[in-house]
Structures are given as C-alpha cells and as structure tokens.
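Here is a short note for a colleague who is opening this entry for the first time. Please read the points with the viewer open.

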Protein chains: 2
Amino acid sequence: MKCSTETNICIEDVFQAAKTIEPYAHRTPVATCKSLDDLAGCEVFLKCENLQKVGAFKFRGACNAVMNLSEEQASRGVVTHSSGNHAQALALAAKLRGIKADIVMPSNSSEVKRAAVKGYGGIVHICQANEKAREELAAELVEKTGGVLINPFDNPFVVSGQGTAALELLSDFNDLDAIITPVGGGGLLSGTCIAAKGLKPDIRVFGAEPTGADDAARSLEAGELIPQTGPNTICDGLLTSLGKLTWPIIRDNVESIFTVTDEKTIEAMRFFMQRTKMLIEPSAATVIAAILSDQFKQLKGIKKIAAIITGGNVDLDNLPW
Amino acid sequence: MKCSTETNICIEDVFQAAKTIEPYAHRTPVATCKSLDDLAGCEVFLKCENLQKVGAFKFRGACNAVMNLSEEQASRGVVTHSSGNHAQALALAAKLRGIKADIVMPSNSSEVKRAAVKGYGGIVHICQANEKAREELAAELVEKTGGVLINPFDNPFVVSGQGTAALELLSDFNDLDAIITPVGGGGLLSGTCIAAKGLKPDIRVFGAEPTGADDAARSLEAGELIPQTGPNTICDGLLTSLGKLTWPIIRDNVESIFTVTDEKTIEAMRFFMQRTKMLIEPSAATVIAAILSDQFKQLKGIKKIAAIITGGNVDLDNLPW
C-alpha cells in the first residue's frame, strides 16, 4: 500500500509504533484450534489480544499515543471519554509515563469498569449517559487542565499503534492469505490495513461487524461514510461509527465487511471459549462468527487466515447465554 | 531424588515419557500475571495445562500409557472408568493409536462430558453412580474384551507421563524455588516429584487439596495412607484417594499439602479467570487459593514458584458464583 495522501499514515509509522510500545506491551501469542479449523475449512490463526495488557488491543494504540506526546504535552496529562477498553488502556499508558489521565465515563458504566480505570490510576469523571454529555465534559476537562484529548480511534498514533498486532502476525506467519478484525471506529481495522498491506500487498483484509451497528459495511458498499445511528448490539466495543481518519484507509484497502447477528456472535463466543479455554468479549467473537458464516465459505483462495481476537473483558456474572 | 525402591519410577522414565508423547501433546505455555504476583508476594509461573489437548494435563499420562502398550496389548484396546478428564484423555490417546477405548461413566455424569468422550471416539458405557458399580462394569469389560485397564493415577506410565509438565517447566525456568500442583489420586503430584526433584534436588514440592477431600494432607501428617471417605467438594477432579503407587512418592518428597476451602477456591477461580482471561476448572484453582493463603505467606525463601494449572473444562452454564 502506498502512503495514503489523505491520511499520511505509513507502514513506517507502524514500525515506529512497534518500537515505541515494545517495552510496555505484550507480544501476544498466536493460538490455533483444530475444531475451529475443521468448521471453517481453513487454518485460522488467533492473535490473542485478549491476553494483551488491560485485556484488549486498545493498549497498543493508547500507549503509542501517550509515549509520543512531547514533554510539554505530557506534563498537562491526557483526557478521554470511554466506557470501555480505551479508558483502561489510556489510564495504564498514562500511569506508565507517570502522567495524569482524566477519564469521562457515563453514569451507566459498570462499577467493575470504573474500578479497573481507577486501579490503573485514572481519575474517573461521571457524566450523563449520552454522547453529548461525554463530549462536553471531556472538552471542559481539556479546557480546565490543558490535557491532551486522545480519541480512541481517530488519532494517527492510535491507528499505527493498533497496526502493530498485524505486524507481529505477519512477522510470525508470512504466508497468510487474509486477515480479519472486528470494526467499530475502525482504529484496529485501518491500522491492520496499513501494516498488512504494507508488508504483503496481496494480503486480503476483511472486517466483521454486528448487523445492529453495520455502518462500516454500508459505508463500504456505498463508497461514502455513512455514520451509525441508534446502534443495537451486544458488542459494546463496536457501537461507534468510522472516523474521518479511519474511513478512507478502510475504503481503499478492505475487501469486504462481514455482518453478523448477535445470535451468531454469542454462539461463536461460547464455542471459542469452550474450545480454546480463553475468555473473549462479544465484540471479539464477531470475527469467529464471520469465519464460520456461509458467506465466508463462499470466498475462494483462503487457506490461512488470521483473526485478531480483540479483547477478553467479559463480565463473568453476565455471560450472554 | 533416588529411584524409589518402592515404586521404581525414575527421572529417566519421565524423559522417556516426554519423548513418547512429544508428537501428540502440546508443550503448553507458561503464563504470568502481575496482579497475582502482587497478591502472592512472589513470582508465580502458571503452567497452562488447561490449554493441553482435551483441556487437561491428563492427556500426558493417558497418552504415555497407551503408547507404551505392546502391539498385542494394544490390539485388545483399553478400558477405564472415569467421569472426568481421564475419560476424554484416554479416548483421544486410544484414537491416536487407532485402538478401541471402552469408558465406563456413571449415570450422573453430564451429557456434555459423555459427548466429549464419544467425540474422541470412545465407547461410553453407563453404570450406576457409585464406585462399586464403576469398578464392576470396568472389570466385566476387561473380562469380555481383554482390554487393558488404565488406572487414572496408579499406573507407572501415567505417573511418568504427568511428570513431563514439570520437566518442561524446569527446562524453561531452572531457577524455580518451588512447584505446587493439585492432588487427588496423586498422579500429577507424584510425577512432579520425580521430575522436579530429579532435575533439581533442592526444589520444594507442595500440593493443594480441598478441605472436603483432604486425605493427602492427613496422610502426609500421619505418615501413613489414610483413604478418603465421603469427599465433599466442588473440585470434581480431586475426589479420589491417593494410590498405592503415588502415596510413597508423595510421602518421601512433598514438603506439605495446603488445604483450601471451596469458598476460597471459587474466589481464586474467579480472580484467575478475570485476570488471565483463561478458563480454569475448580480443581485447578486450588493451587491459586493455596498461593494466596496466609499459610503460604508464612513460608520463607520462595521467590519463584510454579503452579500447574491442571484443567480448563469448566461448565460455562454453571459457573459456581
């Protein structure tokens, strides 16, 4: 892939990100599962970001963004709004750099998630449970503290940081035919495009998305960014729309987006946990549901596919079955 | 450790077992968990036998036993009675050797477990849910088929097979101060003694056992084998008493056995799953409960301990919380 003139993020940025986060992030293992291969009809390589720091790939991007702040910026701390894995990831990255992290979380976020953010040293600010309230309180904090707002996906350091998972995959397995990741805001999928196509231009890149939050599939089909309105899915990591930065990279590099029902996702999640003995969260299970779909079986020429297993932060008191 | 004259199982047998099972068994990874280390006050190395074939260390011993049958013995097939992981392990080992496995399972064993045994090609025979009925039906099958009875722990090839997990651990980490395993029939703990003490005579070996099935702790204290009567614990893999073969090895090599309540085991299981993102079954969680106990904290001189995480076959519909 050439450097996108629109986004100006290149494979070199991913190499740089890998170097930056190497002292902090895990080089996660790649697992395989014979019964999954049998059902999928091809070899599936599972990049275990559920075993990443904070239990999710999000740590890669957050860490790269935080470590790339200038001394002056860092001294002012970081700010974000998130109810999910980005909140924990940013809190931990900030802690590792020894700076402050102000995290806006909605009033309906679970006590467990708030405790996790606090556990990593983040300062939690509760707001009303809507997008507007979150953005307003984050803006207010930026205004007050001078902290740097770190968007969970629409940030070039976040995108190149997320690309390091695919970089590791391809340096371990250079004969992959394809790679698939879940898609929400598109940080991971766009980073994966840059890394995978940069290292191996003929590799095929796919996304997996819940039918109840299918803006990426609809955008890719229409050729223009169609934001998500009223998402409805159990996949709480995939509710957001693609960003201005991530969309053109996805548009230019992704072959197709598989949409999967929550029912199929839950079935895939259960199967995956039983067979691999690893926890995954619903958002992560979308790629397994995609690989087990009829649509996937109709693709030709895929003998080896890697799936990025994005996170393992599942609520053990509320398994969805 | 010298070869026990009583049992005649040596480190050489474990080396041989490692060679025998190498084409079939996984060399399982060793995980670490910072929050566990912090709570334990030492470094804990988790040998992930939950990621072993059939989801449990039992495959090591069963595979070694099956592969060591003579051609003539093998032609008659194998027989066992088990409601748990040994049943699946023996069925898979037999399948890999291309021979028949008759598995006696009690009428109260779950449909999931029976299906798993059948999935590995085992022939399931249902009997009444008591020890006598199990033994009688197994004996009947041996009589009828000429099959070889493979005891889940009191078999020298099973013991040396289970020892291969500790062999791998010490070849990866030669500076361990101690190693701990759960103890039921004692196959894993005795195999661990032979491997660990054989490679590193000053290593300390511990067991972990439910308070509701504490025959190993009581036997070690009394200096004589005291069989378990009326076990009462959630740890369904640790109900049996030590065997005639495993007891003297444990007596001569184990420093002490930690007894842990089911309450502490469930707490440890939940903590482990949340933090490591891996599934474990209650029996496996006993070692985590032991490491987190006050009794463990009182031990001096342990900076690095390995814990064998014995299995991950937990029922996702009936998590114990």
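**Notes on the two chains**

1. Start with the chain contact. In chain B, 13 residues are in contact with 13 residues of chain A (contact: C-beta atoms, placed from the backbone, within 7 Å). On the side of chain B that touches chain A, the classes are seven nonpolar, four polar and two charged residues. Ala, Val, Leu, Ile, Met, Phe, Trp, Tyr, Cys and Pro count as nonpolar, Asp, Glu, Lys and Arg as charged, and the others, Gly among them, as polar.

2. A word on the source. This is a predicted model, in which local features need pLDDT of at least 70, side-chain atom pairs count only at pLDDT 80 or more, and totals for chains, interfaces and linings use all residues. Residues are numbered from 1 along each chain as its sequence is written, while chains are lettered from A and ligands numbered from 1 in the order in which they are written.

3. Now the domains of chain A. Domain 1 covers 11–57 + 156–309, and domain 2 covers 77–146; the bounds come from an automatic or database domain assignment. Their C-alpha centres lie 25 Å apart. Six residues of domain 1 of chain A are in contact with six residues of domain 2 of chain A. The domain 1 side of this contact has three nonpolar, one polar and two charged residues.

4. Look at one helix pair in chain A. The axes of helix α1 (residues 11–21) of chain A and helix α3 (residues 58–67) of chain A come within 9 Å and cross at roughly 85 degrees. That makes α1(A) roughly perpendicular to α3(A) (65 to 115 degrees; under 35 is roughly parallel, over 145 roughly antiparallel, the rest oblique). Axes are lines fitted to C-alpha atoms, for helices over the stretch in contact, with angles from 0 to 180 degrees between N-to-C directions. Helices are DSSP runs (H or I, at least four residues), numbered from the N terminus. From α1(A), the contact uses A:A17, A:T20 and A:I21; from α3(A), A:R60, A:C63, A:N64 and A:M67. By class, that is four nonpolar, two polar and one charged residues.

5. Chain B has its own pair. Helix α1 (residues 11–21) of chain B and helix α3 (residues 58–67) of chain B pack at about 85 degrees, with axes 9 Å apart. B:A17, B:T20 and B:I21 of α1(B) meet B:R60, B:C63, B:N64 and B:M67 of α3(B).

6. Finally, two single residues. A:E267 lies in helix α13 (residues 262–276) of chain A. Is A:E267 buried or partly exposed? A:E267 counts as partly exposed, because it has 17 C-beta neighbours inside 10 Å (buried: 20 or more; exposed: 12 or fewer; partly exposed: in between). B:D252 sits in helix α12 (residues 246–253) of chain B. With 15 C-beta neighbours inside 10 Å, B:D252 also counts as partly exposed.

Notes:
Helix = DSSP H or I, 4+ residues; strand = E, 2+ residues; numbered from the N terminus. Contact = placed C-beta atoms within 7 Å.
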